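Please open the structure in your viewer and keep the selection panel at hand.

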Amino acid sequence: MLHSQVLVALVSLATSFAAASAQNLVISNDDGWATAQIRAQFDALTGAGYDVVLSAPAINQSGKGSQTTTPQVLTEPCQFDTCPVGSPPFGFNASDPRLNYVNAYPVDAANYGINVLSLSPQHFGARPDFLVSGPNIGPNVDILTQYSGTVGAASAASLQGVPATAFSGVSGAQVSYTTLTSEPDANSTLAARIYSQLTVYFVDTLLGSCGPPVLPPAVIVNVNYPSITDCDDPSDYKWVFARNRKNDTVVDVQTCGSDHLPSEVEVILSEGCYASVSAISAQTKTDVDAATQGVVMQKLLGLPFSCLN
Ligand SMILES: *[C@@H]1O[C@H](CO)[C@@H](O)[C@H](O)[C@H]1NC(C)=O
Ligand SMILES: *[C@@H]1O[C@H](CO)[C@@H](O)[C@H](O)[C@H]1NC(C)=O
Ligand SMILES: *[C@@H]1O[C@H](CO)[C@@H](O)[C@H](O)[C@H]1NC(C)=O
Ligand SMILES: *[C@@H]1O[C@H](CO)[C@@H](O)[C@H](O)[C@H]1NC(C)=O
């Protein structure tokens, strides 16, 4: 073969490997399966070429952390009347079986997505390559990661060997997915659209970087998006590597000319549309050591990262 033919063959081989791996995603949240934000995120990931199964709580289950329970028959309607009282503990949209609810906590919904739906031949027939948790309505910074069902769901995935990231945004509201079309100019719709595009970009970057593993074992990434006020275009946003809790005594990975990372709170409150990206333990839900921060940072260099002004 000519050199150029070898090159073409190698490039197409590499491309087909990239296309064949890391394509199957589960998306979960804690705000509920019918909220605008998770449906916008499902649509954006699907539109970007991922195969996605949504598995999320039947109703709002914010603040449930890593709690688990046995899914129950619905004693109230699903969120926004999306299923009647008496519906089964697990259900799906009859016109689109990729959209599933679980009447239990966020961790239960993530587990069902990973261990039942993904494995089903109707979906992937295999474990998912990645779990997207959120974006949550409202930030999950500092101590809030301890109580967050969004972080809980991502952590549960990670502890089972499925790499995961928790996404949260300051703006938005727990409103029905129907408002994405009925109220296209509402702030909740704009937030859902902007954060969804940012999340697709993040997932493309992470899954497209050299791996495996996508992330170190039992480590998740915690991403927080700032308010969309004055940040109304996804191209306005910059990514800053951060730590979950402010702690000036700890030595972090060296970046931006310092070995002390800014905290998530500092990042999302800084003027300039900064999103925080931190590496946290799926067990403690707070900061990992500097060496592990470095491994996660390397995986995400393509974002690329910015420094806080
Ligand atoms: C969802 O649940 C959380 C935690 O209980 C609560 O603070 C929030 O107000 C609920 N959201 C709605 C729309 O009721
Ligand atoms: C179910 O899917 C159909 C088709 O995509 C959509 O029109 C409908 O709003 C969905 N309902 C729910 C509750 O997801
Ligand atoms: C959307 O948010 C902006 C800025 O925060 C605010 O000025 C505006 O009133 C909001 N619009 C609606 C429809 O709530
Ligand atoms: C800072 O980190 C050190 C070492 O891990 C820990 O002992 C200390 O409690 C932390 N301080 C705060 C305020 O979290």
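Which side chain has a polar atom that lies 2.7 Å from an oxygen atom of ligand 2? Select Tyr 177: a polar atom of its side chain lies at that distance, 2.7 Å, from an oxygen atom of the ligand. Please keep in mind throughout that this is a predicted model.

**First stop: ligand 2**

Display ligand 2 together with the residues that surround it, namely Arg 39, Thr 82, Asn 93, Ser 95 and Tyr 177. Then turn to Asn 93, where a polar side-chain atom is 2.3 Å from an oxygen atom of ligand 2. Next, select Arg 39; an N or O atom in its side chain is 2.8 Å from an oxygen atom of ligand 2. On its own, ligand 2 has 360 Å² of accessible area, and the protein covers 58% of this.

**Second stop: from Asn 93 into the hairpin**

Now show strands β3 and β4 as a whole: they form a hairpin, with 2 residues between them. Their pairing is antiparallel and extends over 4 bridges.

Follow β4 to its other neighbour, β2. Strand β2 (residues 51-57) runs parallel to β4 (residues 96-102), and 4 bridges join the two. To see one of these pairings, select Ala 56 and its bridge partner in β4, Tyr 101.

In general, the strands of a sheet pair through backbone hydrogen bonds, in either a parallel or an antiparallel manner. Colour the strands of this sheet next: 9 of them form an open sheet with mixed pairing, in the order β3-β4-β2-β1-β5-β6-β7-β9-β8. Which strands stand at the edges? They are β3 (90-93) and β8 (238-242); each has a single partner strand, so one side of each is left without a neighbour in the sheet. Look along the sheet to see the twist, which averages 25 degrees from one strand to the next.

Select helix α2, which lies across β1 (24-28), β2, β4 and β5 (130-137) and runs at about 165 degrees to β2. Then select helix α4 (residues 149-159), which also packs on the sheet. Helix α4 touches β1, β5, β6 (164-169), β7 (219-225) and β9 (274-281), and its direction makes about 175 degrees with that of β5.

Within α2 (residues 36-47), pick out Gln 41. Is this residue buried or exposed? Gln 41 has a relative accessible area of 0% and is therefore buried. Among the residues that Gln 41 touches are Ile 27, Val 132, Tyr 195 and Val 200.

**Last stop: ligand 1**

Finally, display ligand 1 with Asn 60, Ser 62 and Gln 174, the residues around it. A polar side-chain atom of Asn 60 is 2.3 Å from an oxygen atom of ligand 1, while one of Gln 174 is 2.5 Å from a nitrogen atom of the ligand. Ligand 1 exposes 360 Å² when taken alone, and the protein buries 33% of that area.

Key: Residues numbered from 1 in each chain as written. Chains lettered and ligands numbered in written order. Predicted model: local features only at pLDDT ≥ 70, side-chain atom pairs only at ≥ 80, totals over all residues. Heavy atoms only, no water. Buried < 20%, exposed > 50% of the residue type's maximum accessible area, 1.4 Å probe, protein only. Contact = heavy atoms within 4.5 Å. Pairing = 2+ DSSP bridges. Axes fitted to C-alpha atoms, helices over the stretch in contact; angles between N-to-C directions. Near = heavy atom within 4 Å. Polar contact = N/O pair within 3.5 Å; in protein donor to acceptor, adjacent residues only side chain to side chain. Areas by Shrake-Rupley, 256 points an atom, 1.4 Å probe, with all protein chains shown as cover. Lists of a residue's contacts leave out its neighbours within four places in sequence.
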